[in-house]
Amino acid sequence: MPQTQRSPARGMGESRLSETVSEPQWQETVRAECRYYQALMYHTHDSRRSDPGLPDCIIITKDNRLLFAELKRDKTNPEPMQRIWLDALVKVGQQVFVWRPKDQNEVVDILEGKPAPEGGWPTRWIPKATP
């Protein structure tokens with residue numbers, strides 16, 4: 001990438017993308033980051049006729065990692081069917097995340113291919129233990 005370009009989210013500050021951003025706006029931010037980092041991203045345009053639960057984004061990074069990301073507003077959580085899908089994807093060994101606007105810097109770090117911090121990425125989906 002030329003030096004004059006930079007990641008769309010870098011330097012925006014957490015407050016700029018928090019609280020007031022809609023899920024479609026957040027999706028466009030993630031899409032722009034994927035383009036910037038030369039990652040392929042798939043998102044179903046209109047999922048109303050699809051079975052529920054599949055994560056919003058399927059991403060293949062430039063370094064050939066397959067990621068699944070559910071995009072949420074800052075104060076929302078995955079719906080029950082989405083949690084079933086997220087859990088199932090983790091159980092078959094996939095990298096699964098729930099990304100919110102407040103996580104923008106972590107999203108960039110993941111797309112850049114930076115190593116996970118000690119303890120892993122905070123946005124990584126971890127299935128709840130079943131009794």
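## A guided tour, starting at a salt bridge

Begin by selecting Glu-70 and Lys-72: they form a salt bridge, with their closest N and O atoms 3.7 Å apart. (A salt bridge here is a side-chain nitrogen of Lys or Arg within 4 Å of a carboxyl oxygen of Asp or Glu.) Before you go on, note that this is a predicted model, in which local features need pLDDT of at least 70 and side-chain atom pairs count only at pLDDT 80 or more, while totals for chains, interfaces and linings use all residues. Residues are numbered from 1 along each chain as its sequence is written, and side-chain values use heavy atoms, leaving out hydrogens and water.

Is this pair buried or exposed? Glu-70 is buried, at 0% relative accessible area, and Lys-72 is buried too, at 7%. (Buried means under 20% relative accessible area, exposed over 50%, and partly exposed in between, using a 1.4 Å probe and protein chains only.)

**Next stop: the core.** Select Ile-59, Trp-99 and Leu-111, the residues with the most contacts inside the largest nonpolar core, which has 20 residues. (Such a core is a set of buried Ala, Val, Leu, Ile, Met, Phe, Trp, Tyr and Cys residues joined through side-chain atoms within 4.5 Å.) Now colour helix 2 (23–36), strand 2 (57–60), strand 3 (66–71), strand 4 (95–99) and helix 4 (104–112), since each supplies at least two residues of this core. (Helices, H or I with at least four residues, and strands, E with at least two, are DSSP runs numbered from the N terminus.)

Then look for a second, separate core of 6 residues; Leu-86, Val-96, Val-98 and Trp-125 are among them. In soluble globular proteins, nonpolar side chains tend to be buried together.

**Back to Ile-59.** Which residues does Ile-59 touch, leaving aside its neighbours within four places in sequence? Its contacts (heavy atoms within 4.5 Å) include Cys-34, Met-41, Leu-67, Trp-99 and Arg-65.

**Follow Arg-65.** Arg-65 forms a salt bridge with Asp-63, their closest N and O atoms being 2.9 Å apart. Asp-63 is partly exposed, at 43% relative accessibility.

Select Glu-112 and Lys-114, a salt bridge with closest N and O atoms 3.4 Å apart. Glu-112 is partly exposed at 35% relative accessibility, and Lys-114 is partly exposed at 43%. Altogether, the count comes to 6 salt bridges.
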